Amino acid sequence: MTSPLDQAPTHIKLAVDLIMILEQHDVAPKEVLKALEIVKSDFEKKQTES
């Protein structure tokens, strides 16, 4: 049986995977948001360099 997630775009699947990982490791939401700012900045820089 397939789930709707199987048909979801890659970025949705990635978001769900990241949420699951962070929740499994009991990372505080405040820390997650700080880390995501760094990750977003890094990937935005990489995108402009390509």
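Me: In which helix do Glu 44 and Lys 40 both lie?
Reply: This is a predicted model, in which local features need pLDDT of at least 70 and side-chain atom pairs count only at pLDDT 80 or more, while totals for chains, interfaces and linings use all residues. Residues are numbered from 1 along each chain as its sequence is written, and side-chain values use heavy atoms, with hydrogens and water left out. Helices (DSSP runs of H or I, at least four residues) and strands (runs of E, at least two) are numbered from the N terminus. Glu 44 and Lys 40 are four residues apart, about one turn of the helix, and both belong to residues 29-49, helix α2.

Me: What N to O distance is found where the side chains of Glu 44 and Lys 40 meet?
Reply: The contact is a salt bridge, defined as a side-chain nitrogen of Lys or Arg within 4 Å of a carboxyl oxygen of Asp or Glu. The side chains of Glu 44 and Lys 40 form such a bridge, with an N to O distance of 3.7 Å.

Me: Is Lys 40 buried or exposed?
Reply: Buried means under 20% relative accessible area, exposed over 50%, and partly exposed in between, with a 1.4 Å probe and protein chains only. Glu 44, at 41%, counts as partly exposed. Lys 40 has a relative accessibility of 53%, so this residue counts as exposed.

Me: With which residue does Asp 42 form a salt bridge?
Reply: The structure holds two salt bridges. The closest N and O atoms are 3.1 Å apart, and the partner of Asp 42 is Lys 46.

Me: Which helix gives the largest share of the lining of the largest pocket?
Reply: On a 1 Å grid over the protein atoms alone, a pocket is an open set of points where a 1.4 Å probe fits, with protein on both sides within 12 Å along at least five of seven lines; lining residues have an atom within 4 Å of a point. The lining consists of His 11, Ile 12, Leu 14, Ala 15, Leu 18, Val 39 and Phe 43. Helices α1 (10-24) and α2 each supply at least two of the lining residues. The largest share, five residues, comes from α1.

Me: What is the radius of gyration of the chain?
Reply: The chain has two helices and zero strands. The globule rule, 2.2 Å times the number of residues to the power 0.38, is compared with a radius taken over C-alpha atoms. The rule gives 10 Å for 50 residues, and the chain is more spread out than a compact globule because its radius of gyration is well over that value, at 14 Å.

Me: Where is the place of Asp 26?
Reply: Asp 26 has a positive phi, near 50°, although the residue is not glycine. With a relative accessible area of 70%, Asp 26 is exposed. Its place is in the loop between α1 and α2.
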